[in-house]
Amino acid sequence: MALYSEKVMDHFRNPRNVGVIEDANGIGEVGNAKCGDIMKMYLKIEDDIIKDVKFETFGCGSAIASSSMATELIKGKPVADAMKLTNKAVTEALDGLPAYKLHCSVLAEEAIQSALNDYYSRKEAEGQK
Amino acid sequence: MIYADNAATTKMSEAAIRELVAVNENTYGNPSTLYSIGQSAKEVLEKAREKVAAVIGAEPNEIYFTSGGSEADNQAIISAAENGRKSGKMHIVSTAFEHHAVLNTLEKLRKEGFDITLLDVHENGIVIPSEVEDAIRDDTCLVTVMFANNEIGTIQPIGEIGEICRREGVPFHTDAVQAMGHIAIDVNDLKVDMLSASAHKFHGPKGVGFLYARKGTRLTNLIEGGEQERGKRAGTENVPGIAAMAVALEEAAGNMREYADRLTPIRDRIIDGLSRIPHSALNGDAGRRLPGNINYCFEGIEGESLLLLLDDRGIQASSGSACTSGSLDPSHVLLAICRVHDVAHGSLRLSIGEDITEEDADYIVSSVSEVVEYLRSFSPVWRDLMSGKSQFIL
């Protein structure tokens with residue numbers, strides 16, 4: 001048996017939505033280099049819809065695959081749906097992860113949450129202007 | 001496919017496979033029995049003991065066959081500790097970058113009240129003999145220093161340490177798992193009292209190894225039972241495995257010089273090629289290392305991703321990243337040579353084998369360079385380094 005599912009390897013080898021959104025209105029970064037995983041998510045949200053999402057990840061195969069899958073799961077979705085993204089959904093969409101790699105999917109969930117929180121804070125700040 | 005993980009395990013040699021099969025087929029008797037097929041097995045066993053002993057300059061009755069390097073390490077250390085305990089000597093000197101078979105045994109002894117000194121291995125991954133001398137106390141019952149490191153391949157000044165230990169009257173053990181069959185070892189020249197080795201690191205079978213214990217060394221049993229191995233290691237001997245190990249070791253010892261002469265320039269060709277990758281660094285001393293070992297750190301990337309993408313390109317290697325070990329911390333060896341966590345996660349160990357060609361070496365260099373560049377292209381760590389938001393370490 002291989003370490004990772006075919007799905008994980010597919011998203012690792014051909015990660016979707018890799019890169020940076022220059023005019024992103026929600027950016028989140030979680031993890032730290034000391035532990036060996038950092039994920040950065042860029043969101044472009046218009047009319048409460050996630051029009052575009054991109055990521056950058058420093059980490060292992062499952063960290064890259066989890067980031068990729070998480071972006072796929074929220075792209076084009078309403079912000080309210082994205083807020084509900086769980087690590088479980090990411091893991092299931094990847095056909096599972098080895099137990100000691102589950103934290104990678106948690107990190108993906110947290111990266112999305114962090115980017116969404118950034119979006120809301122920016123929105124709030126704008127509203128106060 | 002380029003198999004570059006020979007420090008993890010090696011492919012069995014054809015002669016060793018033939019021996020393994022032949023003994024299984026023809027000499028399957030239990031060496032402890034008195035009828036002819038049992039006595040033939042006993043003969044095979046003792047012949048193997050003679051061969052192994054001859055390679056390291058030992059006497060046959062100083063060789064104890066074990067299940068591998070870990071068991072030999074455990075038995076050597078536990079034996080010295082038990083001998084020390086009896087005379088009130090409960091201090092052991094070792095190094096920070098030993099294999100876990102040594103480190104975890106020492107940790108167990110620490111919990112039992114032993115005092116353990118782990119010597120610094122410095123940035124080049126080499127122990128300074130005078131520091132061993134300084135660490136030895138009146139109550140030191142053992143010095144254990146590995147022959148060559150399993151991750152960074154650095155070769156330790158074993159002869160000098162042996163000299164010091166002999167002068168101080170302290171038993172000296174070396175974990176020679178990575179060195180055996182790759183560099184010349186003579187236990188008398190080096191003044192080694194105990195030595196561990198494992199067959200599968202020199203093209204022998206897995207699950208077999210040996211402990212050399214100088215005559216007069218009192219050994220403690222780890223496995224109780226029958227009287228095999230002069231009562232020091234119970235259990236019916238793995239005769240086919242032991243015989244195949246002896247064949248593999250003789251073969252490795254015979255080819256040692258030729259292979260080292262061939263491998264060293266190829267190793268250096270790879271090191272030279274990888275040194276052209278910006279913000280990277282060789283781990284361990286450039287000269288005093290095993291002829292087949294290359295270990296590099298690349299800033300801004302993580303090792304497991306690197307390994308998976310190299311595997312896609314037909315290159316099998318290993319890494320000291322946390323993700324490849326299943327723990328949160330990267331390799332203790334890389335931390336011991338002062339690599340910080342951030343950089344240690346991006347390490348690559350290539351342990352090349354005798355059949356490697358210059359073309360393979362160039363392919364390895366170009367593949368690693370491409371994969372590192374690709375992984376950096378979407379690494380937030382690399383972005384921060386490039387934009388000046390954080391500072392390069394390498």
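Start your tour by selecting B:His122, which sits in the loop between β4 (115–119) and α5 (129–135) of chain B. Here helices (H or I, at least four residues) and strands (E, at least two) are DSSP runs, numbered from the N terminus. B:His122 is not a glycine, yet its phi is positive, about 60°. With 16 other C-beta atoms within 10 Å, B:His122 is partly exposed. A residue is called buried if 20 or more other C-beta atoms lie within 10 Å of its own, exposed if 12 or fewer, and partly exposed in between, with C-beta atoms placed from the backbone.

Before you move on, two notes on what you see. This is a predicted model, in which local features need pLDDT of at least 70 and side-chain atom pairs count only at pLDDT 80 or more, while totals for chains, interfaces and linings use all residues. Residues are numbered from 1 along each chain as its sequence is written, and chains are lettered from A and ligands numbered from 1 in the order in which they are written.

**Stop 1: a buried leucine in chain B**

Now select B:Leu142, in strand β5 (residues 140–144) of chain B. B:Leu142 counts as buried because it has 27 C-beta neighbours inside 10 Å. Show its surroundings next. Leaving aside neighbours within four places in sequence, B:Leu142 is in contact with B:Ile77, B:Ala80, B:Ala81, B:Gly84, B:Ile92, B:Val170, B:Pro171 and B:His173. Two residues are in contact if their C-beta atoms, placed from the backbone, lie within 7 Å. For a sense of distance, pick B:Ser347 as well: its C-alpha atom is 32 Å from that of B:Leu142, and the two residues are 205 apart along the chain.

**Stop 2: the two domains of chain B**

Colour residues 14–252 of chain B as domain 1 and 257–387 as domain 2. These bounds come from an automatic or database domain assignment. The C-alpha centres of domain 1 and domain 2 of chain B lie 29 Å apart. Where they touch, domain 1 of chain B gives 16 residues to the contact and domain 2 of chain B gives 17. On the domain 1 side you will find seven nonpolar, seven polar and two charged residues. In this count, Ala, Val, Leu, Ile, Met, Phe, Trp, Tyr, Cys and Pro are nonpolar, Asp, Glu, Lys and Arg are charged, and the others, Gly among them, are polar.

**Stop 3: a three-stranded sheet**

Still in chain B, look for an open sheet of three strands in the order β9-β10-β12, with antiparallel pairing. Strands of a sheet pair through backbone hydrogen bonds, either parallel or antiparallel. Two strands pair if DSSP finds at least two bridges between them. The edges are β9 (280–282) and β12 (347–351) of chain B, each pairing on one side only.

**Stop 4: a hairpin in chain A**

Switch to chain A and show β2(A) and β3(A), which run antiparallel and are joined by nine bridges. A:Tyr42 has A:Lys54 as its bridge partner in β3(A). The hairpin has two residues between its strands, and A:Asp47 takes a positive phi near 50° there.

Not counting residues up to four places away in sequence, A:Met41 touches A:Gly28, A:Val53, A:Phe55, A:Ala111, A:Ile112 and A:Ala115. As for β3(A), seven of its 10 residues are buried, so this strand is largely enclosed by the rest of the structure.

**Stop 5: where the chains meet**

Finally, show both chains together: 19 residues of chain A are in contact with 21 residues of chain B. The elements giving two or more residues to the chain A side are α1 (6–13), β2 (37–46), β3 (49–58) and α2 (61–74) of chain A. The largest share, three residues, comes from β3(A). By class, the chain A side has nine nonpolar, five polar and five charged residues.
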